[in-house]
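The sequence and structure come first.

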Amino acid sequence: MGATIQRDRSGIWVVRVYGALRKEELDAVQAAGLNGMGEDENARVLIRIEDDFCGWVGGEEWNDMTFFVEHGDRIEKIAIVGNPEWETKMLMFTGAGLRRAPVRYFPLAQLAEAKAWLR
């Protein structure tokens with residue numbers, strides 16, 4: 001299944017995750033985001049967890065921290081919007097507390113608040 005990335009009019013990168021996420025799908029989204037950014041530009045990221053998201057597929061390949069180490073400082077803020085059941089796992093997955101950028105989780109009904117927080 002997968003993930004998509006798109007930049008909205010306000011400059012926020014919107015990543016949608018759905019179904020079962022594979023590492024190669026996340027890698028493709030990260031590469032597309034990097035390719036769409038200017039060399040000295042940083043990103044504000046909104047992760048939308050769709051209703052059919054059921055988790056991550058695969059094993060050892062998720063241990064690859066290359067993107068986090070090489071590009072993690074290019075992310076200014078991360079807002080995650082989804083069902084409460086994913087909050088703990090998504091905060092861990094995004095490295096909340098381990099990265100410089102603040103990461104915050106919002107329930108589905110607070111999409112507008114998440115976008116406002118990113119600005």
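Q: Where is the place of Arg99, between which two elements?

A: Arg99 sits in the loop that runs between α3 (87–93) and β7 (103–107); helices (H or I, at least four residues) and strands (E, at least two) are DSSP runs, numbered from the N terminus. The model is predicted, with local features needing pLDDT of at least 70 and side-chain atom pairs counting only at pLDDT 80 or more, while totals for chains, interfaces and linings use all residues. Residues are numbered from 1 along each chain as its sequence is written, and side-chain values use heavy atoms, with hydrogens and water left out.

Arg99 is buried, that is, under 20% relative accessible area, where exposed is over 50% and partly exposed in between (1.4 Å probe, protein chains only). The side chain of Arg99 does reach the backbone oxygen of Thr94, at 2.7 Å. Contacts of Arg99 (heavy atoms within 4.5 Å), not counting residues up to four places away in sequence, are with Phe68, Gly72, Ile75, Ile78 and Thr94.

Asp73 is paired with another arginine: Arg100 forms a salt bridge with Asp73, the closest N and O atoms being 3.9 Å apart. Arg100 belongs to the loop between α3 and β7 and Asp73 to the loop between α2 (66–71) and β6, so this pair ties together parts 27 residues apart in sequence. Arg100 is exposed at 73% relative accessible area, and Asp73 is exposed at 53%.

Next, the sheet. Its 5 strands form an open sheet in the order β1-β2-β4-β6-β7, with mixed pairing; two strands pair if DSSP finds at least two bridges between them. β1 (2–7) and β7 stand at the edges with a single partner strand each, so one side of each has no neighbour in the sheet. Neighbouring strands are turned by 20 degrees against each other on average, direction ignored; axes are lines fitted to C-alpha atoms, for helices over the stretch in contact, and angles run from 0 to 180 degrees between N-to-C directions. Strand β4 (residues 43–49) pairs with β6 in the parallel sense over 6 bridges, and Arg48 stands opposite Val81 in β6. Helix α1 (residues 23–36) packs on the sheet, where α1 touches β1 and β2 (13–18) and makes about 10 degrees with the direction of β1. Helix α4 (residues 111–118) also packs on the sheet, touching β4, β6 and β7, at about 175 degrees to β6.

Ala79 is in strand β6 (residues 75–82) and is buried, with a relative accessible area of 0%. Leaving aside neighbours within four places in sequence, Ala79 is in contact with residues including Val45, Ile47, Phe106 and Trp117. Ala79 and Arg48, 31 residues apart in sequence, are 8.6 Å apart C-alpha to C-alpha.

The count of salt bridges comes to 5. One of them joins Glu41 and Arg7, whose closest N and O atoms are 2.0 Å apart. Glu41 lies in the loop between α1 and β4 and Arg7 in strand β1, so the pair ties together parts 34 residues apart in sequence.

Notes. Lys and Arg count as positive and Asp and Glu as negative; His and the chain ends are not counted. A salt bridge is a side-chain nitrogen of Lys or Arg within 4 Å of a carboxyl oxygen of Asp or Glu. A polar contact is a pair of N or O atoms within 3.5 Å; within protein, one must be able to donate a hydrogen and the other to accept it, and residues adjacent in sequence count only if both atoms are side-chain atoms.
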